Amino acid sequence: MTAVWANQLLQGIMLGGLYTLFAIGLSLSAGVMRFVNIAHGDFIVLACYALLVLTTALGLNPVVATLILLPVAFLFGFALQRFLLQRVVGENVLLVILMTFALSIIIENGLLEGFGADPQKISGSWMETATVALGNGINVGLFQIITFVAAVGLVAVLDLFLYRTGIGAKIRAVSDDVAAADLIGLSSVQIYAVAMGITFVTIGIAAGFVSIWTNFDPASGPTRLLIAFEVIVMGGLGSLWGSLAGGIVLGLAQAIGGQFDIAWQIMAGHIVFLVVLAVRPQGLFPKY
Amino acid sequence: MAATAASPLLAVESVSVFYDKFRAVDNVDIAVATGEIVSIIGANGAGKSTLLKAIIGQADRVEGSISFAGDNIVGRSTESIVASGVMLVPEGRRLFPSLTVEENLRLGWDVGRKGDIGFADVWRLFPVLQERRRQKAGSLSGGQQQMVALGRALLANPRLLLCDEISLGLAPLVINELYALIPGIKQRGIGIVLVEQDIERSLTVADRFYCLLEGKVSLAGRPGEVSRDLVMKHYFGV
């Protein structure tokens, strides 16, 4: 009985790593750039399809495919911000939401048109099937462990990037006061574009892991977005380590709920989110 | 290109600046030479800050010509104007409150023209900032924040320094301290534009002054050569 619970809780923590990966890009765009990207989940799904093409049509190994995708994702994010999203930055917040909502619809229908509605998955071959035995009947999938480690690593790297590098300081400066940045010759347009490029690198990384972890179809974006939102709100908007905490809380809640009744798995996550929102609306590790 | 008497460091010629249809600056001519302190005085809404915005490339619509070191800079990006050696100390300081003192200062170095003013100079001018370099800028007192804003601008190694109301909201003692530094900045050959509502203060350090009234230059000259009464008359337009 204890082993069952221990397994389930470990699963929950590992799942929290995956959820952190979903959320980290949204944490950057919403928390740091103050930009609510409704299409965040759809961009993750779009990246999953890009990986699907790279692994099936070109026969690449998923790890190689993801590494190829990342620089492309950076350029895509940079260009998207520079030439499209920048037009609505600083205007009415509603415009940002409407524009990214439109992007969400375009991506979902574009994917449906191009790939059909069937669920897809990328094979992680041995990475997926290998398990690590921790003794006493406790086993964890190797891929789950890799995902969790990647999530912690990504949070750590981004935190160092934002707080220890010159570009990171510029991004935080623009986040503090866009007009002041422009007044002293820090081009906010350029910095926003770089930040969005980095956000899209995290989207590419998230896609690399989730495309092996579970199925995806053109309509799975909004679910990813919902999870990402719950994670960053629970963690505290703009706090990267908070996103990790939020991800783990959500993963654990789902694992525990699922242990009582599988039908309660998803609902338990939402309930814990609502409880955190009610008790601690500023999140677990508030930044502002 | 060295600025000579014939071509000053900054030459604002027949410049008008508009907010939509409203002409906030109306056909203004202003010149600043290397190592010269020029004071621009005027009441609230006279167009002083707008003029600085136009020089730094942050005004929406500018007519006329603004040349810096011989190049017309109207229409150029703020980024490129700053990199060529013009730096603004904005009204209200406009630091980035969540960044540390050191990070705020470093931004000045990053955006600016690389030159011989470095962190050591800023620490020498403002020892208190070195002590507090790891503190968030938002936690400093108003005077210390103004020191960071000035330090940030100096680290950009400007040839022309634009100071917008640096005395605003500060205690007289702190203002004295800041103004005491201005001759030293001038000695480095930096041209300085002081925009102030505090006439007395800025006229005591200035080599020349311009008084703006409703967007126009109402009076110009050297502080010693005009009476305070005349300045007041053109300041208020009565």
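At what angle do H3(B) and helix H6 (residues 142-155) of chain B pack, and how far apart are their axes? The legends below take up this pair and several other views.

**View 1. The packing of H3(B) against H6(B).** This is a predicted model, in which local features need pLDDT of at least 70 and side-chain atom pairs count only at pLDDT 80 or more, while totals for chains, interfaces and linings use all residues. Residues are numbered from 1 along each chain as its sequence is written, and chains are lettered from A and ligands numbered from 1 in the order in which they are written. The answer to the opening question is an angle of about 35°, with the two axes 6 Å apart. Axes are lines fitted to C-alpha atoms, for helices over the stretch in contact, and angles run from 0 to 180 degrees between N-to-C directions. Helices (H or I, at least four residues) and strands (E, at least two) are DSSP runs, numbered from the N terminus. H3(B) passes H6(B) in a right-handed crossing; a crossing is left-handed if the near helix is turned anticlockwise from the far one by less than a right angle, and right-handed if clockwise. From H3(B), the contact takes in B:Val101, B:Asn104, B:Leu105, B:Leu107, B:Gly108 and B:Trp109, and from H6(B) it takes in B:Val148, B:Gly151, B:Arg152, B:Ala153 and B:Leu155. Two residues are in contact if their C-beta atoms, placed from the backbone, lie within 7 Å. Sorted by class, this contact holds 7 nonpolar, 3 polar and 1 charged residues. Here Ala, Val, Leu, Ile, Met, Phe, Trp, Tyr, Cys and Pro count as nonpolar, Asp, Glu, Lys and Arg as charged, and the others, Gly among them, as polar.

**View 2. The two domains of chain B.** Domain 1 covers 1-85 + 159-171 + 186-238, and domain 2 covers 94-157; such bounds come from an automatic or database domain assignment. Taken over C-alpha atoms, the centres of the two domains of chain B are 24 Å apart. In chain B, 9 residues of domain 1 are in contact with 9 residues of domain 2. On the domain 1 side, those residues divide into 6 nonpolar, 3 polar and no charged. Chain B as a whole has 9 helices and 10 strands, and its C-alpha trace spans about 50 × 35 × 35 Å along its principal axes.

**View 3. Where chain B meets chain A.** Here 20 residues of chain B are in contact with 14 residues of chain A. On the chain B side, helix H2 (78-83) and helix H3 (101-111) are the elements that give two or more residues. The chain B residues on this side comprise 11 nonpolar, 4 polar and 5 charged.

**View 4. H2(A) against H3(A).** Helix H2 (residues 40-56) and helix H3 (residues 62-83) of chain A pack at an angle of about 130°, and their axes are 9 Å apart. That angle makes H2(A) oblique to H3(A): angles under 35 degrees count as roughly parallel, over 145 as roughly antiparallel, 65 to 115 as roughly perpendicular and the rest as oblique. The crossing of H2(A) past H3(A) is right-handed. Among the residues that meet are A:Ala47 and A:Leu51 in H2(A) and A:Ile68 and A:Leu69 in H3(A). By class, the contact has 9 nonpolar, 2 polar and no charged residues.

**View 5. H6(A) against H11(A).** The axes of helix H6 (residues 142-164) and helix H11 (residues 240-260) of chain A come within 9 Å and cross at roughly 160°. The two helices are therefore roughly antiparallel to each other, and their crossing is right-handed. The contact includes A:Val152, A:Val155 and A:Asp159 of H6(A), together with A:Trp241 and A:Leu244 of H11(A). Its residues are 7 nonpolar, 2 polar and 1 charged. Chain A itself has 12 helices and 2 strands.
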